[in-house]
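I opened this model to look up its packing, its rings and its charged pairs. My notes follow the order in which I checked them.

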Amino acid sequence: MADDPGKNTADVPRPDTADTAHTAGGGDPSGNPDAPRGAPVPVPWYRRPLFWGIVLFLLVLALLGWLFWKQWQAAEAEKQAQEAALNAQLAKNAEMDAYLAQLRALLKEEPCVIKEKLAQLPSPPDAVPGVVPGGRSGEPLQIPSDVAPQSTPVTPQKAPARPGSMARLLEQGTVLVLARQPQGLSMGSGFFISRRHVLSNAHVVGNAGQAFLINKATGGVLQATVRHRSADGGRDFALLELPADAAITPLEFAPGVERTQRVSAWGFPGAVTNDDPKFMALLQGNDSAVPEVVYTEGVVSVILERTPPLVVHTATVSQGNSGGPLVNEQGQVVGINTFIKLDDASYRQSSIAIVGSSITAYLREIGIGFSQAAATPAAAQAQDEKADGQKGVRP
């Protein structure tokens, strides 16, 4: 059927274009005619990346600040601890200097006065921690107060071959002796008279029941028991006993000693040993650090017929040499260095040792074996000829 030409078809909307007319302009889908066309939908603040980026940045900044503050606190604490330790060490050094000054003043007195006044001195500051045999490197060596020896099994060592030179013989036969006394740490010397026994002075070990021995041949610090001591009748002897034989060659006693005979003193004088870096390392716990034994030589000036007889000689000794051997040119013991005599008027020092015959008599009394060299016929005859002139002493 044909359209009516008289009908206005523009007034009749077509169904397929009615909805398009409302949405084609990009208006509000909800039907709000006042909404602007093309406006973005607002996003909430908590869904915006910039906000969370700022929050994360502030958290990281706060964490870094906290870590820096903790490190600063730790550095300040360490600094204060170091300052406190330094001040304590300086105070201890000052106390030790004052104590050493008292000892230096005491050295100018007579030996008998020294012994009396030494007991009156206050105990020194414990600047030297003690020694524990087998202590690990870096741990202080600790010398315990008088305790009973521990029954630890010890494997006996084989006797070594006799050293080929006198120097090697005396290096392995002379030992450093350390003992704890009421006045503090006592240091002296000693020497092997058998593979298990060491002889020293009684004043070196004092009243201690234990002492510690070391030299290059012992292989470390050895703990010894003070088996016997004698300070009566002019004797100044202490016998130290090891739990097992040491791998050393003991020293033998000379058949006698006479005036003008060349002699040498062996030991660990404090004037030298205290400056030995190995000695300081030993006290700090390195038991493989062994100070060097010190050698001086001289001649026998005179033999004083006292009880016991005393050998006055010119080999230089000082504190620390006490208990060390005085030997002849063959390395045989002629005496034990015991004290020195200072002459203030002439500034001269006399080194004095107790004669070897007194030592061997003491060892026989307490039942300790020793080795003594046989006298050659010529030497025996010469000593017999000089006996009337009191120039020589035979056991």
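These entries run from the overall chain to single residue pairs.

**Ground rules.** I am working with a predicted model, where local features need pLDDT of at least 70, side-chain atom pairs count only at pLDDT 80 or more, and totals for chains, interfaces and linings use all residues. I number residues from 1 along each chain as its sequence is written, and side-chain values use heavy atoms, with hydrogens and water left out.

**Overall.** I looked up the secondary structure and found 9 helices and 14 strands. Helices (H or I, at least four residues) and strands (E, at least two) are DSSP runs, numbered from the N terminus. The chain has 395 residues, and 36% of them are buried. Buried means under 20% relative accessible area, exposed over 50%, and partly exposed in between (1.4 Å probe, protein chains only). I then checked contacts, meaning heavy atoms within 4.5 Å. Of those between residues at least 6 apart in sequence, 67% join residues at least 24 apart.

**Core.** I asked which residues touch the most other members of the largest nonpolar core. They are Phe-191, Ile-193, Leu-199 and Leu-363, in a core of 32 residues. A nonpolar core is a set of buried Ala, Val, Leu, Ile, Met, Phe, Trp, Tyr and Cys residues joined through side-chain atoms within 4.5 Å. A second, separate core has 18 residues, among them Val-175, Ala-208, Val-226 and Ala-246.

**Rings.** I counted 5 aromatic pairs. Rings of Phe, Tyr and Trp (its six-membered ring) pair if their centres lie within 6.5 Å; planes under 30 degrees apart count as stacked, over 60 as edge-to-face and the rest as tilted. Phe-51 and Trp-52 are edge-to-face, because their centres are 5.1 Å apart and their planes stand at 75°. Phe-51 is partly exposed at 33% relative accessibility, and Trp-52 is partly exposed at 48%. Phe-191 and Phe-253 are also edge-to-face, at 6.4 Å centre to centre and 65° between the planes. This pair links distant parts of the chain: Phe-191 is in strand E2 (residues 184-192), and Phe-253 is in the loop between strand E6 (237-241) and strand E7 (257-258), 62 residues away. Both Phe-191 and Phe-253 are buried. With Phe-370 they form one aromatic cluster.

**Charged pairs.** I searched the whole structure and found 6 salt bridges. A salt bridge is a side-chain nitrogen of Lys or Arg within 4 Å of a carboxyl oxygen of Asp or Glu. Asp-245 and Arg-196 meet at 3.1 Å, N to O. Asp-245 lies in the loop between E6 and E7 and Arg-196 in the loop between E2 and strand E3 (197-200), so this bridge ties together parts 49 residues apart in sequence. Arg-235 bridges to Glu-365, with the closest N and O atoms 2.8 Å apart. Arg-235 sits in the loop between strand E5 (222-230) and E6, and Glu-365 in helix H8 (residues 356-365), so the parts tied together are 130 residues apart in sequence. Glu-365 is exposed, at 56% relative accessibility. Glu-297 and Arg-262 form another bridge, at 3.5 Å, N to O. Lys-216, Lys-278 and Glu-292 are linked in a network of salt bridges.
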